[in-house]
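This note is meant for a colleague who is opening the structure for the first time.

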Amino acid sequence: MDFKLNNRFSQKLPADPNTENSRRQVTEGFYSFVNPKKTGKPQLLHVSEEMREELGLLQSDVQSDEFLNLMTGNSVLPETKPYAMLYGGHQFGNWAGQLGDGRAINLFETEGKTGHWALQLKGAGETPYSRSADGLAVLRSSIREYLMSEAMYHLGVPTTRALSLALTGDPVLRDVMYDGNPAYEKGAVVCRVAESFLRFGNYQIFTARNDIKGLQQLVDYTIEAHFPHLGKPSKDVYLQFFDEVTRRTLDLMIHWQRVGFVHGVMNTDNMSILGLTIDYGPYGWLEGFDWGWTPNTTDRQHKRYRYGNQPNIGLWNLYQLANALYPLVDESEGFEEILDRYKSGYATKSLEMMAGKLGLQNPGEADLELIADLEACLQLTETDMTIFFRKLGDFKKDASVNGFDLIADSFYNAEELTEAVKTQWNAWFSAYAKRIQNQNLTDEARSAAMNRMNPKYVLRNYMAQLAIDAADEGDYRLIDELYELLKKPYDEQPENGKWFAKRPEWARDKVGCSMLSCSS
């Protein structure tokens, strides 16, 4: 294997001088050196072909013992020193102090064919930031992260990527539902890949400790490494940096809302400074369209991170980042203007996104009523978001296809489809037909445009759970089947039509298919 190493983060920024791998408060440096935990009987389950090629690796490389050992913590590359990053964060709205990479270990940074990449093992053992945890990961959560990282990329959603998925051969004790019934599960490791894993919390921790020198060092490094087009760091550039992070975060929120993805744990330590989806824990997909749905058992009561609240939480987190960066600028006006643009920008981009999903040209204020009426209809009875929007692409503007019949497959509870429900839907389809008749776009062109916005295939929780259940029995074929399916989520793929279906009833309340815990 021939990686083009460029460990700029660890070369530019100082490390924690304490090299002991013990759980503690780290008061100096930006990261702590730590080696992954050696694994008992590692087994490689899957490798992303796209990331393999991007990193310049050959098939023979990923089939080698050297690669297996590197991806499972049993060896490190010469001239590299793995480390865990220091950061803090707000968790469920409360400042939690020091957090850090509790079960992630950064191996090295390298230059790929199209960009700069950091490689990180998730589940490779404890670090100084593990607190009371063991730093390990289990197969179920690793399968979910591995498949989801690549699925989101192909959906066009900014995300961290994944290179490999491997078993460690070591059992890991987990209490899946936090109900006092822990059990041993198969241990696993995912190699995550991103331009950077820096989060809002990396900056917050220094401001919280009144370490303004450290804060400036980190911000200057971030601009020079990841935002060089902004120019040499200065007060104006710090605001431009925050403005770009804000715009990237807004774009991410719009993408999540577009495809029906719910992150589940939008703490500030889970917010990427690059606007990437990061840390796939108890995430989920909307099955029935529901503004109030959250996949996280920990969030069940207050639903802070529910689907409809994600854009607001994105803004709340940006306020926390603004507070962290404030000492470098020492005035609030610039930050406030940028945050206000997020609010107005969301209204504009949300309208554009929904218009795209509906195939509307030149959207305007008048379309807000049509969209609001649709959202009301979608909640009359449990209606599958993915299937509804994909089926809607086949509607004809002359209404020659009955709209209600067209979307019938998206309804979960046929017994709830009363005449009043049908009447409300038919009224909406009449308004929709009138709207699309007034634009110069053929049905075929509109359908094609809508199908580029509305995926046919997403990694529903029950699909991932089927792969997990099979893998627990030693059958890993479904991991590859789903991996291949999700590479082309907008294509028809008639041979894979079985995956274009509502959540099965058996999965409605099954652990892993509905709500998940943070250990997931």
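1. Helices and strands are DSSP runs, the helices of at least four residues and the strands of at least two, and they are numbered from the N terminus. The model is predicted. With these element names, the lining of the second largest cavity can be described: α12 gives the most to this lining, with three residues.

2. The residues that line the second largest cavity are Arg258, Val259, Lys357, Met385, Thr386, Phe389, Asn454 and Pro455. Two or more of the lining residues come from each of α8 (235-259) and α12 (385-392). By class, the lining of the second largest cavity holds four nonpolar, two polar and two charged residues. The space within the second largest cavity is about 50 Å³.

3. How many cavities of 30 Å³ or more does a search of the whole structure find? The search returns four. The largest cavity has a volume of about 80 Å³.

4. Around the largest cavity, the lining consists of Phe9, Tyr83, Met85, Asn106, Glu109, Ala118, Glu195, Ser196, Phe197, Leu198, Tyr221 and His226. At least two residues of this lining are supplied by each of β3 (83-85), β6 (104-111) and α7 (212-226). Seven of the lining residues of the largest cavity are nonpolar, three are polar and two are charged.

5. Aromatic contacts form the next topic. The structure holds 32 aromatic pairs. One of them joins Phe289 and Tyr307, whose ring centres are 6.1 Å apart; the planes stand at 80°, so this pair is edge-to-face. Planes over 60 degrees apart count as edge-to-face. Phe289 and Tyr307 are 18 residues apart, and both lie in the loop between β12 (284-285) and α9 (310-329).

6. Are the two residues of that pair buried or exposed? Phe289 has a relative accessibility of 8% and therefore counts as buried. Tyr307 is buried as well, because its relative accessible area is 3%.

7. A second pair brings together Phe395 and Phe429: the ring centres are 5.2 Å apart and the planes meet at 40°, so the pair is tilted. This pair links distant parts of the chain, with Phe395 in the loop between α12 and α13 (403-406) and Phe429 in helix α14 (residues 419-437), 34 residues apart. Both Phe395 and Phe429 are buried.

8. Which residues do ring pairs link into a cluster with Phe395 and Phe429? The cluster also contains Phe388, Phe389, Phe404, Phe411, Trp425, Trp428 and Tyr432.

9. Two lysines are placed over aromatic rings. The charged end of Lys81 sits over the ring of Phe33, at 4.1 Å from the ring centre. Lys502 lies over the face of Tyr412, and its distance from the ring centre is 6.0 Å.

10. The last point concerns cysteines. A search of the whole structure finds zero disulfides. Cys191 has a relative accessible area of 0% and is therefore buried. Cys377 is likewise buried, because its relative accessible area is 1%.

Conventions. Residues are numbered from 1 along each chain as its sequence is written. This is a predicted model: local features need pLDDT of at least 70, side-chain atom pairs count only at pLDDT 80 or more; totals for chains, interfaces and linings use all residues. Side-chain values use heavy atoms; hydrogens and water are left out. On a 1 Å grid over the protein atoms alone, a cavity is a set of points where a 1.4 Å probe fits but cannot get out, and a pocket is an open set with protein on both sides within 12 Å along at least five of seven lines; lining residues have an atom within 4 Å of a point. Grid points are joined across faces, edges and corners, and a volume is the space filled by probe spheres set on the points. Ala, Val, Leu, Ile, Met, Phe, Trp, Tyr, Cys and Pro count as nonpolar, Asp, Glu, Lys and Arg as charged, and the others, Gly among them, as polar. Rings of Phe, Tyr and Trp (its six-membered ring) pair if their centres lie within 6.5 Å; planes under 30 degrees apart count as stacked, over 60 as edge-to-face and the rest as tilted. Buried means under 20% relative accessible area, exposed over 50%, partly exposed in between (1.4 Å probe, protein chains only). A charge sits over a ring if NZ of Lys or CZ of Arg is within 6 Å of the ring centre and within 35 degrees of the ring normal. A disulfide is a pair of cysteine sulfur atoms within 2.5 Å.
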